[in-house]
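Reader: Please take a close look at one chain of this model, and at the side of that chain that touches its partner. I would like the fold described before the contact.

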Amino acid sequence: MSLGVWPKIESVFRFYVDGFKNMTWGKTLWIIIIVKLFIMFAILRVFFFKPAMAGKTDEQKSEIVAKSLTSMNNTNTDKYGYSIN
Amino acid sequence: MDTALIDWSRLQFAVTACYHWLFVPLTLGLGLVMAIMETMYYRKGDEFWKKTAQFWMKLFAINFAVGVATGLILEFEFGTNWSNYSWLVGDIFGAPLAIEGILAFFMEATFFAVMFFGWNKVSKRFHLVSTWLTGIGAAISAYWILVANAWMQNPVGTAFNPDTVRSEMVSFWAVAGNPIAVSKFFHAVFSGWMTGGVFTIGVSAWFLLRKRETKFAKASMAIGALVGIVGGFAVILSGDSSGIHAAKYQPMKFAASEGLDDGGRKVAFSIIPGVEVPGVLSILATHDINGFVPGINDILAGYTDNRGNDVLPVDAKMWRGQKALTALKIFRSVKDSPDSASLAQKALCERVIKANAQFMGYGHLKEPSEVIPNVPLTYWSFRTMVYTGFLVLLILILVQWFIYKDNIDNKKWLLILAVIAIPLVYICGQAGWIVSEVGRQPWAIQDILPVGAAVSNLSVSAVQTTFFIFLAVFTLFLAIEITIMLKAIGKGPKMEESESEHINIEK
């Protein structure tokens, strides 16, 4: 990376830092955003919205979903039969 | 599957989606309103327009801050409550949601920051471009979300793979250019313009009723009403396109939204039950007064559509769906067996699945009548959307007219109506999504996966727990947003330097 790029990166960084420092009413909004994200990711996601198939391999997931779909197949064997021909 | 589990899972998803849609339309609409105001500042160099734009940007930011990431809760629910569905669609949803995430992050993080931190730090031109790009970025984000939604309504560009048990993308462009996605995008964005316009005239009307910030309020009203009117007429045009697509790809939704039991040609449109306009429904569905519109009973029994194609009765689709699921079951049992008999059976199963995959979801149904959504809810939601939409458009036109005549101050009744229009436009938008989503039940993915097969096998109490936690937490956030929003509106714009008449009123 050429040396000329660093001052630009620094000015962009300073732009954000100054922006956050000089916020007035925006600070309240950021507090809301941070609290909300904390509730969403540290509480809801961790304790209440665990992925139902977390920790399973793709092969295992395929098998679980296939079993689930085919076991719920409400085929009326008397009327339709199970033949695929 | 326990119907209570399906109902609670659906209710949870519906409430989350409705909550999310409280914030999105205002972001889309107010983004345009404030960009136009800043353009006025850029062109005229008048500080008044800068202060005006800054005031609406502040309300935009409040809405954005509380609304940000609410859509992620929907993604949590996909993984937890709808795991079968998530696995099945993962390949399709991955691409548009990744594009949306990257665009949303980079465009919003960059241009949103310049818009708020960049006054006096970047050039006027660059600041203006950033403001426009913030709004455009939100609209582009909306497109990719709607691509994902539209695929559920009209699953194109994919093929079912029995090996992975997933619908896999075979044409990105078919998915991205899904006609339902295109019409939904324009309908959603223009309804956002309408919402932004109504919000602007409503808040401005409140200032006029309080005899505060009159110059600011009238200037804001003129722009808000213009955006709202343009959005309103565009919503009508895009709604027409949505109607044509619903009639073509989701005829049951279309029939349910009209409460149409028996179809035909020259079908009347129901204003309310018992009051009808002859021929209009055929025009709305096909742009032809002689166009055939199937009713609920036609769809159950099978019919011939306007292009001369025979549409199978539901029990025939159920038979084909059952064939596909049976073939899937056999395929899974022999897929790892190397003997030649198994390989032959596997190849046969693949052919059967391929031939019937488009009806696979019907294999889960017990009775043909299960394909009928909640007709009263769909019917009345559609009328709520249309009637509140037209009422709001009328209010916008009246506001623009009296602004033009320069006597809006004397029309107290209209100012009150403009304030009332704010909740009305939200009711309109929510009703629209109820039509779209309730009307396509029982399908999570049209014809391929009903909600009963899409849902995770959880306990009902677990879903109830997360539902009430979500309801409590996000009602609190909504209350906080409304409080902060009202406080910001109450403070008004900082016009001391540029709006002398406000100072005189205060004195």
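Author: Among the contacts in chain B with a separation of 6 or more, 76% join residues 24 or more positions apart. The model is a predicted one, and its chain B holds 18 helices and eight strands. Of the 507 residues of chain B, 51% count as buried. The C-alpha trace spans about 90 × 50 × 40 Å along the principal axes of chain B. A compact globule of 507 residues would have a radius of gyration near 23 Å, and chain B has 25 Å, so the two agree.

One helix, α2(B), can be checked in the same manner. Its 21 residues, at 1.5 Å a residue, should span 30 Å; the end C-alpha atoms of α2(B) are 30 Å apart, so expectation and model agree. This helix is mostly covered, with 17 of its 21 residues buried. Just after α2(B) comes A69(B), which has a positive phi of about 70 degrees.

Now the contact between the chains. Chain B gives 50 residues to the contact and chain A gives 35 residues. On the side of chain B that touches chain A, at least two residues each come from α2 (47–67), α3 (70–81), α4 (83–117), α12 (314–334), α13 (340–356) and α17 (460–491) of chain B. The largest share of that side, 10 residues, is supplied by α12(B). Sorted by class, the side of chain B that touches chain A has 31 nonpolar residues, 12 polar and seven charged. Thus α2(B), mostly covered, is also among the helices that supply at least two residues of the side of chain B that touches chain A.

Methods:
Residues are numbered from 1 along each chain as its sequence is written. Chains are lettered from A and ligands numbered from 1 in the order in which they are written. This is a predicted model: local features need pLDDT of at least 70, side-chain atom pairs count only at pLDDT 80 or more; totals for chains, interfaces and linings use all residues. Two residues are in contact if their C-beta atoms, placed from the backbone, lie within 7 Å. Helices (H or I, at least four residues) and strands (E, at least two) are DSSP runs, numbered from the N terminus. Ala, Val, Leu, Ile, Met, Phe, Trp, Tyr, Cys and Pro count as nonpolar, Asp, Glu, Lys and Arg as charged, and the others, Gly among them, as polar. The radius of gyration is taken over C-alpha atoms; the globule rule is 2.2 Å times the number of residues to the power 0.38. A residue is buried if 20 or more other C-beta atoms lie within 10 Å of its own, exposed if 12 or fewer, and partly exposed in between; C-beta atoms are placed from the backbone. The expected span of a helix is 1.5 Å times one less than its number of residues.
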